[in-house]
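User: I would like to go through the charged pairs and the surface of this protein. Could you begin with the term we shall need?

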Amino acid sequence: MSMLPSHAAPQPPIARSPVPSVAVPAAFLAVDAQWRVVFIDEAAMTLLAAPAGTVTGELIWQVCPALVGSALEAPLRASLADGQSRQFLFTPPGQAQSYEVICSAGTQGLSVSLRAGARQQQQQQQQQSERRLHESETRFQLMTSAIPQIVWITNALGDLEFVNDQWHAHVGNTAAEDSLGSFDALVARHVHPDDRVLTAQAWQHARHTCCELSVEHRIGNAQGQYRWFLTRGKPQLAADGTTILHWYGTSTDIHAQKEAVAELARLTDDSERRRRFYESFLSTTPDLAYAWDLNHRFTYANRVLLQMWGKSWDEAIGKTCLELGYEPWHAEMHSREIEQVRATKRPVRGDVPFNGTFGRRIYDYIIFPVLGPDGEVEAVAGTTRDVTDRKNSEARQHALFRLAEAIRAAESPSAIATAAAHIIGETLSARWVSYRSLGPQQQAQVEGDWCFQGSADNCEALALHDQQRISRALRSGSVVLVGDVARDARTAAIAQQHLALGVAAFMDVPIIEQGELVGIVYVSSHAPRTWTDNELAIVREVSQQTRAAFERIHNQQALAASEARLREINESLEAQVSARTQELMATEEALRHSQKIEAIGQLTGGLAHDFNNLLGGITGSLDLMRVRLVQGRGDELFRYIDLAARSAQRAASLTQRLLAFARRQTLAPRPTNVNTLVAGMEDLIRRTIGPAITLEVVGAVGLWPTFVDGPQLESALLNLCINARDAMPGGGRLTIETANKWLEDKWAQERDLPPGQYVCISVTDTGTGMPPDVLARAFDPFFTTKPIGEGTGLGLSMVYGFARQSGGQVRLYSEVGQGSTVSLYLPRHDLEAEGEEPETSEAHQAAGSGEVVLVVDDEASIRMLTAEVLNDAGYATLQAEDGPAALRILQSSARIDLLITDVGLPGGLNGRQVADAARAARPGLQVLFITGYAENAAFGNGHLQPGMQLLTKPFKLETLARRVEAILENRSTSS
């Protein structure tokens with residue numbers, strides 16, 4: 001049964017290793033039935049000259065080449081062959097020491113022990129040999145039980161010699177309970193009845209042909225259930241290559257794979273049934289129906305769409321638009337729309353031209369999301385309807401309308417012909433179009449031409465076409481239509497010349513007038529196409545209208561000649577007309593001047609009206625306070641004080657609006673997160689617009705920061721919401737939406753902005769909307785459509801001024817009966833927005849410790865009040881009434897920790913100039929400007945430098961004290 005050749009068989013030459021002269025007391029080794037080393041101890045490796053390292057699993061004859069031909073080889077081979085144990089003496093060559101050798105044969109292999117010395121140690125050595133044999137058998141058992149497959153071994157006749165524990169675990173018995181028997185007996189007992197014949201045939205075929213066994217069958221388990229296994233076995237052949245010694249095999253559980261394959265087949269069958277159902281359902285409609293997966297690949301297309309593509313189901317499904325021959329722009333458009341539907345979960349509508357086997361058609365489509373059980377988009381589907389006839393009619397009407405407009409504006413036949421060629425080219429999506437007239441001798445004269453993305457190649461193509469065109473067909477008035485220059489017999493010979501110039505198809509349309517050929521229109525396409533009757537009709541109608549316009553031009557030229565002769569006769573009349581024209585121009589200039597004066601008067605009147613009202617509230621309150629003091633009724637003073645304070649605050653608010661409109665307002669910008677700002681105003685806006693209006697705030701994810709004055713942006717946004725509320729008296733929906741916008745050259749130019757990145761805040765209402773005349777004046781100061789007393793007309797003008805001063809823009813879109821949208825564009829800022837410090841309502845405590853503050857203001861009252869407040873807060877103050885006086889103090893050796901100055905000062909120096917001079921003498925000096933009207937030039941286009949802050953008049957004295965305290969504390973911290 002050994003797989004190795006007998007001793008008499010020829011052996012390949014083996015390099016002999018010298019047997020060491022070192023004697024060892026005992027040695028042990030074990031091999032399996034194929035002479036592979038199962039175990040060998042160090043003494044045996046030393047005695048038999050085995051190399052160092054791991055040798056388990058290798059053939060003993062290769063590990064110990066000294067055994068070949070030695071006195072040990074023959075007894076070892078005999079013991080393994082007949083299964084009989086042997087005991088004999090062996091003296092290694094070159095040694096005086098003899099060894100007692102005990103060979104113990106078993107079903108799993110052979111164990112060999114070598115013992116030096118007397119026979120009294122024989123029993124001990126035999127016990128050690130048996131123990132090592134047991135360890136070897138145990139190791140083999142553990143190895144086969146550690147793998148998940150069933151392992152089996154049979155002899156040449158098919159009698160089972162070994163199965164591992166996985167077999168017993170599957171069939172539900174132990175090795176002691178199961179008499180192994182033959183392979184055929186196990187098949188009869190455990191294999192499914194339907195698989196027994198197939199298994200027996202495969203087994204017999206493998207045995208007779210000495211080839212590998214491989215069969216899939218079901219094997220029953222202890223519960224009577226059958227599982228699929230893949231059983232494979234390989235024969236161990238004798239030296240002659242035809243005699244089988246043993247079979248070694250495994251049985252692998254493939255039940256899960258079988259079930260997966262069956263489930264896949266079922267799903268495939270279900271999918272096919274569903275496809276046939278939907279195909280039957282959708283094949284009755286002339287519309288196109290289709291679906292994409294999220295990778296933009298088609299997962300469904302109905303019969304009409306497949307016919308249009310000229311593809312079968314297998315050729316189309318799984319492909320992208322680009323792979324199906326869509327033009328790149330068309331495929332890219334659908335990809336963008338799929339992503340839009342996926343992101344918004346809303347349908348998208350549109351129309352698109354398509355060049356297919358049916359010719360050029362126009363389709364109206366809608367694509368919509370297909371949501372899964374989790375509410376997320378798992379596919380995108382759509383339907384498309386052929387609207388070619390309707391679109392063709394609209395295209396003809398639009399082309400003729402454009403031609404009529406061009407004819408009215410043109411002054412020469414060449415201008416009309418060029419416009420006609422342009423209109424034909426754009427309407428038909430052609431590459432180039434040429435309009436030619438024929439003279440009396442039938443010579444062609446170019447009246448006008450047009451080329452898509454203008455190129456000189458069109459002239460070369462025209463020259464080529466002139467040489468090769470079919471003159472007799474043109475002279476007879478026949479139209480020449482070539483859909484593909486490479487396939488048409490009339491152009492196949494020169495197709496490469498056409499294609500080299502970008503001409504793949506062309507149309508020649510003769511112009512017939514009173515039975516005579518008077519002109520030709522050439523139209524070419526960069527791609528093969530089927531010219532339609534509608535396209536031919538458009539060319540003919542435009543050509544006829546153009547020809548009629550030629551006649552009109554000729555008549556006008558004749559009339560102009562007659563008028564020229566008439567002008568020569570009436571020179572005196574022309575002089576009178578010239579004088580009258582100059583008079584009318586002077587009158588027009590006077591009218592424009594009057595309109596300017598009227599606008600200034602309207603602005604002044606609005607200011608005077610509002611400020612008179614506010615001053616009336618202030619002066620009236622002061623008068624009543626004086627009367628109540630005289631009457632001794634001082635407890636009533638607080639009511640009049642509050643009234644005067646509210647009037648003053650309203651006046652300050654009106655001033656801020658005027659400054660914002662004039663773009664004269666000094667801003668204190670900072671990096672701002674618009675989403676955070678809007679969220680903080682949401683409750684205020686809801687209370688302002690009332691319960692009848694639904695507020696929806698849509699904040700963009702990852703919104704960029706912008707560099708603006710936060711309070712002014714809040715005021716602008718509130719003004720827009722109030723206007724939207726007033727436009728919806730019956731209730732409606734108000735939407736505030738933010739977005740990131742990247743404006744390229746064209747879009748930026750349309751919005752009067754430099755190209756770049758912007759943050760867009762849009763306020764949309766569903767109100768009454770604005771007619772065009774109101775929309776044109778919406779940003780004018782004091783213009784309002786509200787009743788008298790209900791609006792100042794400064795809301796939108798203030799928003800406009802704020803946006804322009806912040807480096808942005810405002811755009812207003814409105815439609816009567818539909819609503820309005822105001823979009824505020826603000827430049828993106830690179831730094832992240834800072835958190836805002838909450839205001840405190842606690843009473844301010846004196847925080848000064850003798851710091852010196854220089855107060856500069858030309859108003860004595862303001863200067864006095866400011867100094868008193870600062871003195872009460874613990875600061876020392878110095879005062880100056882103008883710029884030169886302040887400079888004298890600043891250039892002295894006096895201590896100054898903070899400069900507070902008005903912007904507008906007398907004496908030739910404004911507040912900004914004083915601050916610059918102060919910093920030149922005292923670097924790092926903190927500056928606080930207080931102003932009611934700030935010049936942009938004084939603040940570097942409205943922005944303050946680091947270390948400078950602004951406080952706008954009027955202000956609360958407590959606010960001034962807190963601001964001074966914060967400035968000085970920050971200075972101390974930074975230093």
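Analyst: A salt bridge here is a side-chain nitrogen of Lys or Arg within 4 Å of a carboxyl oxygen of Asp or Glu. Please note that this is a predicted model.

User: How many salt bridges does the structure hold?

Analyst: There are 25 salt bridges in the structure.

User: Which residue does Arg 804 pair with?

Analyst: Its partner is Asp 752, with 3.4 Å between the closest N and O atoms. Arg 804 belongs to helix 24 (residues 795–805), whereas Asp 752 sits in the loop between helix 22 (745–750) and strand 25 (756–765), so the pair ties together parts 52 residues apart in sequence.

User: And Glu 73 with Arg 77, where do they lie?

Analyst: Both are in helix 3 (residues 73–82), four residues apart, which is about one turn of the helix.

User: Is Glu 73 buried or exposed?

Analyst: Glu 73 counts as buried, because its relative accessibility is 1% and the cut-off for buried is under 20%. Arg 77 is buried as well, at 12%.

User: Changing topic, which residues form the nonpolar surface patch?

Analyst: Met 864, Leu 865 and Leu 957 form it, with about 240 Å² of accessible area together. Met 864 is located in helix 25 (residues 860–872) and is partly exposed, at 43%.

Technical notes
Residues numbered from 1 in each chain as written. Predicted model: local features only at pLDDT ≥ 70, side-chain atom pairs only at ≥ 80, totals over all residues. Heavy atoms only, no water. Patch = residues over 30% accessible without salt bridge, like charges linked within 9 Å, V, L, I, M, F, W, Y side chains within 5 Å. Areas by Shrake-Rupley, 256 points an atom, 1.4 Å probe, with all protein chains shown as cover. Helix = DSSP H or I, 4+ residues; strand = E, 2+ residues; numbered from the N terminus. Buried < 20%, exposed > 50% of the residue type's maximum accessible area, 1.4 Å probe, protein only.
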